Amino acid sequence: MNTALKITAFTAGLATVFGASYGIGHATGDTTPKPSDAAHAGHASAAAPSDPAPPGGGDASGDPGHVPGGLQISERGYTLSLGDPYVTAGAPIELRFRILGRDGKPVTAYRPAHGKELHLIVAPRDLSTFQHLHPTRAADGTWRTAAALPAAGEYRVFADFTPAGASQGLTLGADLHAAGDLRPVPAAVTGRTVSVDGYRVTLTGDLTPGRSTRLGLSVAKDGRPVTDLQPYLGAYGHLVALRAGDLAYLHVHPDGEPSAAGTAPGPDITFTTTAPSRGSYRLFLDFRHGGVVRTAAFTVTATDRPAGTPAPAAPSASASASSSASVEHGGDHQH
């Protein structure tokens, strides 16, 4: 079967998998946000000063006309332009892209968020892996970064950034096609606790469509709470959430910076987010301990349960995190 037919078959297969399944569905470096940086600016919807921000901020789930982040390649005059969206799986690749402005020219001025001008997320359609990368920008506005695509298939690239002069951040998404031997995997299923490299991470809280909710994650090792988590890009943890099926990108905000009074270095990390709809979501928590960033991945379902209604019982056996630890290097975190 040639490459084109393989990718076509893979895409059709994914539609079937996500239509039938219930389960499934950031970045290394240690920097401190600058006072001029908006709080988690890279994780809020973009709006140039002349454009009104959508109601409710980044997620605006209460606005039926709002499109969740990452589903569009162009939004509010900005466009994500990949240099080459066709690559080969299993081989080292260099991703090149530009952010084009309203005038069609590359954007060369950005407002940093968590010490970086742009955060790049790469995930396959089946959400089996996750990479959070920090590309470098040339003077002409071209971004470059090395990436690893372990398996053939359809990937989604998310550029999370804030143009200079914009009041809020923006997330654009584009498809990346990796040729090779296609072997789609079933949707992952996890319980409320997952394990990664000897750490156990427990999730509390639920996603409720159209309503801002808090999620808590508690980190333990060898049966003891971890109380000395290390700052990771200005927070004790970062959470990326993607909706299964179309990979809508949820904007997740950590509660409290390490320098803020009352923000403890573990074991608990809390986040606030809004699910735009019912369905399954994949949550990727990055936390740093002992100089190593690790990722715990969860599958959760957003339902319309009334407030106060207990969540469905989680599977009895905890599942292992689908990602591994990596020592920080070059500002990139891959899984």
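Let me start with R76, which is found in the loop between strand 1 and strand 2 (78-82); helices (H or I, at least four residues) and strands (E, at least two) are DSSP runs here, numbered from the N terminus. This is a predicted model, where local features need pLDDT of at least 70, side-chain atom pairs count only at pLDDT 80 or more, and totals for chains, interfaces and linings use all residues. Residues are numbered from 1 along each chain as its sequence is written, and side-chain values use heavy atoms, with hydrogens and water left out.

Back to R76. Its phi is near 50°, a positive value in a residue other than glycine. R76 counts as partly exposed because its relative accessibility is 22%; buried means under 20% relative accessible area, exposed means over 50%, and partly exposed lies in between, with a 1.4 Å probe and protein chains only.

L247 also has a positive phi, about 60°, although it is not a glycine. Where does L247 sit? It is found in the loop between strand 15 and strand 16 (249-250). With a relative accessible area of 0%, L247 is buried.

Next, R243, in strand 15, which covers residues 238-243. Why does R243 count as buried? Because its relative accessibility is 12%. The side chain of R243 makes a polar contact with the side chain of D246, at 2.6 Å. A polar contact is a pair of N or O atoms within 3.5 Å; within protein, one must be able to donate a hydrogen and the other to accept it, and residues adjacent in sequence count only if both atoms are side-chain atoms. The R243 side chain has a polar contact with the side chain of S277 as well, at 2.8 Å.

P267 is placed in the loop between strand 17 (253-254) and strand 18 (268-274).

Five strands form an open sheet in the order 1-2-4-8-7, with antiparallel pairing; two strands pair if DSSP finds at least two bridges between them. Its edge strands, strand 1 (74-75) and strand 7 (136-137), each pair on one side only. Strand 7 is joined by two bridges to strand 8 (residues 142-147), and the two run antiparallel. R137 has W143 in strand 8 as its bridge partner.

Finally, the whole chain. Its secondary structure comes to one helix and 23 strands. Of the 335 residues in the chain, 50% are buried.
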